[in-house]
Amino acid sequence: MMGTNNTGKRLRIDRLTKTYDTRSGESIAALGPISVDVKSSEFLVIVGPTGCGKSTLLQILAGFLKPTEGQVLVGDEPITGPSIDRSMVFQSYALFPWLSVLENVEFGLQRKEISRRQRSEIALHHLRMVGLQDFANKSVDELSGGMKQRVAIARAFAVDPSIMLMDEPFGALDALTRRLLQRELLRIWHEQQRTVVFITHSVEEAIFLADRILVMSARPGRIRAEWNVTASRPRDVTSDEVRQLERQIYALLDEELLKNFAPGSRTPE
Amino acid sequence: MASRFAPLAKAARALPFVYAAIAIVVVWQLVVSVTKPEPSVLPPPSAVVIAFGHLLRNGELGVDTAYSLARVVFAWLLSAVVAIPLGLLMGSSQRLERIVNPFVELLRPISPLAWIPMAILWFGIGESGKIFVVFIGTFFPILLSTVAGVKEVDPVLLHAGRVFGCTSRATLFRRVVVPAAMPSVVVGLRVAFGTGWAAIIAAELVAAHTGLGYLIANGMDVLRADLVLVGMIAIGVLGFLFDAFFRYAQRRYSRRGR
């Protein structure tokens, strides 16, 4: 099958910390120590208050940032930099406006071993997967936000990654589009069985999507709590079970958010 | 249905410019009718229309326009060939920018017009001197907007480029930085064409036997204000049309890929 050679890999985050040095010479602990073991093909969702370092964590997983201490293993390989094997969906879509929809999805496929023809076949296959095959030759500027993010999802899956990093991918979308894309993402994830690390502000989104939810503490971000969500999909977000979980997570998040404003704490951002 | 009226809507956008042109002519005619100046100081619009027809028929206007335009286009292309690569490199290398920037900032305040005397001393009144002046006038706008274009590339696009296979700096530069900076480069080219057009007229005023600048300088020498005004109107209308063309090209570029 085209574009489905890979499977999800295990991702081990081992005693990771990130400390920033400010210009005045002090160092600010942004993250950790954090240790997480993400099973292969698991859908992991991380929620946390603003400024808790969850984006920093994702940047480290992507290979854009080096951790101060600790390491991350993909399978058995430590992360040394960005890799096409760890694909990414960004909140602001990050599509290339000078390329057509199809060319955007083809972007990651420009390697010698893939012919031009195969490249557009793979890209079209993934556009079909997100229902945008008829928009292949459009400019990305002509698309709505929800359509742009579908193109970004197609681009991210087209490179056949073993790990998918998603940085608040639906944060900029309206509620209805968001619901729709959540469903589509679950369908694609179910078909492709990749490991997903998904960051969000939305507790409801976390519960709807996740195999496991991690709640992060206020800065420096650590794992404050963890839930396995066992309810079968598609989940009814109005069910009592979900509502109860939502209440528990909100209670924790409220506690952590308040810490940001507690006397003596550093205000993030 | 809407598309049937699209040409009409486009024409409607040109209307304010037509009104402004008419207003200028009306005020001009009023000034002439009220103050009755010597035709060598301010001829009526009708005299200028006659002179325009004359210069058009005997080919002088066409030849002068072609000379001015050829000089600008040549020098502008030369500028682009040097300034775009240099700007792309300066935008992506802080070290290079630190070295080149002081030269840019020291030379840039010297108007291209201030270079005309040196251009004449160095190159005489041949073509190279005028090309040189226009080169100076077009170089900095292209360079600066190219540098800005590179520096303002959205960092998230660089991240996306790196995730999706641009493993070396060179690949990232070629596949993401350069195309992302292009709209800003096109703005630089447009602005530069305008400054180049202004510079060539000035250079031709001082040292030329051809070109629209020469046409108006010569009109002044022989006390023919009608010729001067024909030249000025040609300069204005052409400058306006070039700019409109570049704006159109810019819009087309930003919508590429359909």
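Me: How do you know that strand 1 of chain A and strand 4 of chain A pair, and in which sense?

Reply: In this predicted model, five bridges link strand 1 of chain A with strand 4 of chain A. Pairing requires at least two bridges, so the two strands count as paired, and their sense is antiparallel. Across this pairing, A:Arg12 stands opposite A:Leu73 in strand 4 of chain A.

Me: What makes strand 1 of chain A and strand 2 of chain A a pair?

Reply: Eight bridges run between strand 1 of chain A and strand 2 of chain A, in the antiparallel sense. The requirement is at least two bridges, so these strands pair. One of the facing positions is A:Thr19, opposite A:Ala29 in strand 2 of chain A. The two strands form a hairpin with five residues between them, and A:Gly25 in the turn has a positive phi of about 95 degrees.

Me: How do you know that strand 4 of chain A and strand 5 of chain A pair?

Reply: Two bridges join strand 4 (residues 69-74) to strand 5 of chain A, and the strands run antiparallel. Because at least two bridges are needed, two bridges meet the condition. Here A:Val74 stands opposite A:Glu77 in strand 5 of chain A.

Me: Why are strand 2 and strand 5 of chain A called edge strands?

Reply: Four strands of chain A form an open sheet in the order 2-1-4-5, with antiparallel pairing. Strand 2 (27-38) and strand 5 (77-78) of chain A each pair on one side only, and they are the edge strands.

Me: What packs on the sheet of chain A, and which strands are touched?

Reply: Helix 1 (residues 54-62) of chain A packs on the sheet, touching strand 1 (11-21), strand 2 and strand 4 of chain A. The direction of helix 1 of chain A makes about 65 degrees with that of strand 2 of chain A.

Me: How many helices and how many strands are there in chain B?

Reply: Chain B has ten helices and zero strands. The C-alpha trace of chain B spans about 75 × 60 × 30 Å along its principal axes.

Me: Which residues touch the most other members of the largest nonpolar core?

Reply: The core has 132 residues, and A:Leu44, A:Val45, A:Ala154 and A:Val197 touch the most other members. Helix 8 of chain B gives the most to this core, with 14 residues. Leaving aside neighbours within four places in sequence, A:Val45 is in contact with residues including A:Phe198, A:Ala206 and A:Ile213.

Me: Which residues of chain B touch chain A, and of what kinds?

Reply: The contact takes 14 residues from chain B and 24 residues from chain A. Helix 7 (155-163) and helix 8 (169-206) of chain B each supply at least two residues of the chain B side. Helix 7 of chain B gives the most, with six residues. The chain B side divides into seven nonpolar, three polar and four charged residues.

Me: What scores does the model have?

Reply: The model scores ipTM 0.90 and pTM 0.85. Chain B averages a pLDDT of 91, and 96% of the residues score at least 70.

Note on methods. Residues numbered from 1 in each chain as written. Chains lettered and ligands numbered in written order. Predicted model: local features only at pLDDT ≥ 70, side-chain atom pairs only at ≥ 80, totals over all residues. Contact = placed C-beta atoms within 7 Å. Nonpolar A, V, L, I, M, F, W, Y, C, P; charged D, E, K, R; others polar. Axes fitted to C-alpha atoms, helices over the stretch in contact; angles between N-to-C directions. pLDDT = per-residue confidence, 0-100. Core = buried A, V, L, I, M, F, W, Y, C linked by C-beta atoms within 7 Å. Buried ≥ 20, exposed ≤ 12 C-beta atoms within 10 Å, placed from the backbone.
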